[in-house]
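My notes follow in the order I looked.

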Amino acid sequence: MTIPQISVFLENKAGQLADITGILSENHVNMRAISIAETSDYGILRLIVDDASKASSILLEQGFILTMTPVVGVAVSDTPGGLSKVLSIISRAEIDVEYMYSVFGQKDGQACMIFRVADTDRLTELLDENGIGTITGETLGIH
Amino acid sequence: MERYYQKEIETADREQILAWQNERLVKQVHHVWDNVPYYRAKMEEKGLTPEDIRSVEDLHKLPFLTKDDLREAYPYGLLAKPLKDCVRIQSTSGTTGRRVVAFYTQHDVDLWEDCCARAIVAAGGTNEDVCHVCYGYGLFTGGPGLNGGSHKVGCLTLPMSSGNTERQLQFMVDLEATILCCTPSYAAYLAESIHERGLRDKIKLKAGIFGAEAWSEEMRQDIQDKLGIKAYDIYGLTETSGPGVAFECSEQTGMHINEDHFIAEIINPDTGEVLPEGSKGELVFTAITKEAFPLLRYRTRDICILSRKKCSCGRTHVKMSKPMGRSDDMLIVKGVNVFPSQIETVLLEQGYPANYQIVVDRINNSDTLEVMVEMSPENFSDNLGYITKMEKELVASLKAMLGIYAKVRLVAPKSIARSEGKAVRVIDKRKI
């Protein structure tokens, strides 16, 4: 089970981020998670939203460059060492994590982390074997 | 089957062309001597009289004219006909100083339009075609020149002028334009707009005639692919009448210079010495049929190569390469010659749009070169490492091409202003 992520190219100039969030807000797109990777000159805005296909077509229409990537939502126990446990399992299996970030809020003592890896199937299998739950788009209110 | 607008002239043998040139040059030198005191003084300075010029072989003896002369002689100093015989002026954009004003008699306009008609027919144009001209009309020679040529060929002419892209596209679709005439940067912009609006299947274009600014082979390929047309280059400058001094044929390997009207030379831009055939140097034109504004040995500042290799199209007139840069637009950065077209070539090779801007500055007495490049969908990824890797590759290719380091700044798509006339490619902030 993967979740669709939208990655948008951000030029390093004032107002770029506000422009994007403004467009999403006007179109009633709700954000579930957000992360930014940056250099001094440009960045990548990564978004999980409730309606990825709507959001991406609106942003494309507005002239943004973006790409859609499948990512895995992982249920992490919201206690000390919760993330460490997950990461050590992944690391032992020698899966390379390209990047990760967290989803807003938590539920029933579980936080949700978004993981980007090259082989999403292998990651979900591994987590399954180790009794760690993956989070579906539905759980996050994504349709 | 190759078609020609003026077959006997365009396919005349070398001897015939030389005979025309010899006769017309001698006559032209007399005309200028008699009517243009400014040039006569230049000849006298060199101890020349019209009798010293007996054939094209004596051409090298004549003094050059440059843009500085045109500015100095502004507006009437180089006029060779009384104003009552003139019917038109055209003018340069004047971006590099005072404007240049060129004058035309009706005969001059006719010959100029013939030259443009040759270009349109070489691009496949006939009286069945709909010729969409979106060069600027007015003082700029692009619109009036191609407009006149299109009339001569008998095409249905759409005098669109530049700007208002929505209207351009509407006419192009509704009136089924088949030949597009504009600057290459505007052609690329229109191609993008057509692509974005999903109009590719609704347009009937088969050929484009693009000139008035430098463009690379890669840009040609890009426009041809996006519009599904053949893109032909056309060359000219206001000083020599306008577009149509030279034009491309079906071979697309250089532009035939209309040698019955213009004698071309290649010189060393530093010494003024005439270079042997096949050398790369500055292009110099002598107009041998113009009446009102007959420039002799005008230095174009365009760097190119002439070739007399036999052309498969059957035309016999000498071919000039695409200008490889201008000896005056050329940037010297850290003592290295940089041509914007080199940067364009690298960008297109690496999948970036040809819409770019070069910013040159001098910081702490050292030149800096920055290239603003628009991000493209092909080069974007959700992985920052991938983008920085692509950026490093671009920097390395630019270094290999230019010989110096250029900082690359990736910017949002469409954030560099697209011009509907001549693109502003270079911003030089140095105060030298």
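The model is a predicted one. I noted that H10 covers residues 340-349 of chain B and H11 covers residues 384-402, with axes that come within 10 Å and cross at roughly 145 degrees. From H10(B), I listed Gln342(B), Ile343(B) and Val346(B) as the contact residues; from H11(B), Ser397(B), Leu398(B), Met401(B) and Leu402(B). I sorted this contact by class and got five nonpolar residues, two polar and no charged ones.

Next I looked up the sheet. I found an open sheet of four strands in chain B, in the order S18-S17-S16-S19, and its pairing is mixed. Which strands stand at the edges? I found S18 (407-411) and S19 (426-428) of chain B there; each has a single partner strand, so one side of each is left without a neighbour in the sheet. From one strand to the next, I read an average twist of 20 degrees.

I then followed one pairing in that sheet. S16(B), residues 356-363, runs parallel to S19(B), and the two pair over three bridges. Opposite Ile358(B) I found Val426(B) of S19(B). I also went back to H10(B), which packs on the sheet and touches S16, S17 (366-374) and S19 of chain B. The direction of H10(B) makes about 125 degrees with that of S16(B).

I turned to a second pair of helices in chain B. H8 (residues 184-196) and H9 (residues 217-227) have axes that come within 9 Å and cross at roughly 35 degrees. I noted this crossing as left-handed. On the H8(B) side, I listed Pro184(B), Ala187(B), Ala188(B), Ala191(B), Ile194(B) and His195(B); on the H9(B) side, Met219(B), Asp222(B), Ile223(B), Lys226(B) and Leu227(B). By class, I have eight nonpolar residues, one polar and two charged in the contact of H8(B) with H9(B).

Last, I looked up where the chains meet. How many residues of chain A are in contact with chain B? I found 15, and they meet 15 residues of chain B. On the chain A side, the elements that give two or more residues are the strands S1 (3-11), S3 (42-49) and S4 (66-77). S1(A) gives the most, with four residues. I sorted the chain A side into five nonpolar, six polar and four charged residues.

Note on methods:
Residues are numbered from 1 along each chain as its sequence is written. Chains are lettered from A and ligands numbered from 1 in the order in which they are written. This is a predicted model: local features need pLDDT of at least 70, side-chain atom pairs count only at pLDDT 80 or more; totals for chains, interfaces and linings use all residues. Axes are lines fitted to C-alpha atoms, for helices over the stretch in contact, and angles run from 0 to 180 degrees between N-to-C directions. A crossing is left-handed if the near helix is turned anticlockwise from the far one by less than a right angle, and right-handed if clockwise. Two residues are in contact if their C-beta atoms, placed from the backbone, lie within 7 Å. Ala, Val, Leu, Ile, Met, Phe, Trp, Tyr, Cys and Pro count as nonpolar, Asp, Glu, Lys and Arg as charged, and the others, Gly among them, as polar. Two strands pair if DSSP finds at least two bridges between them.
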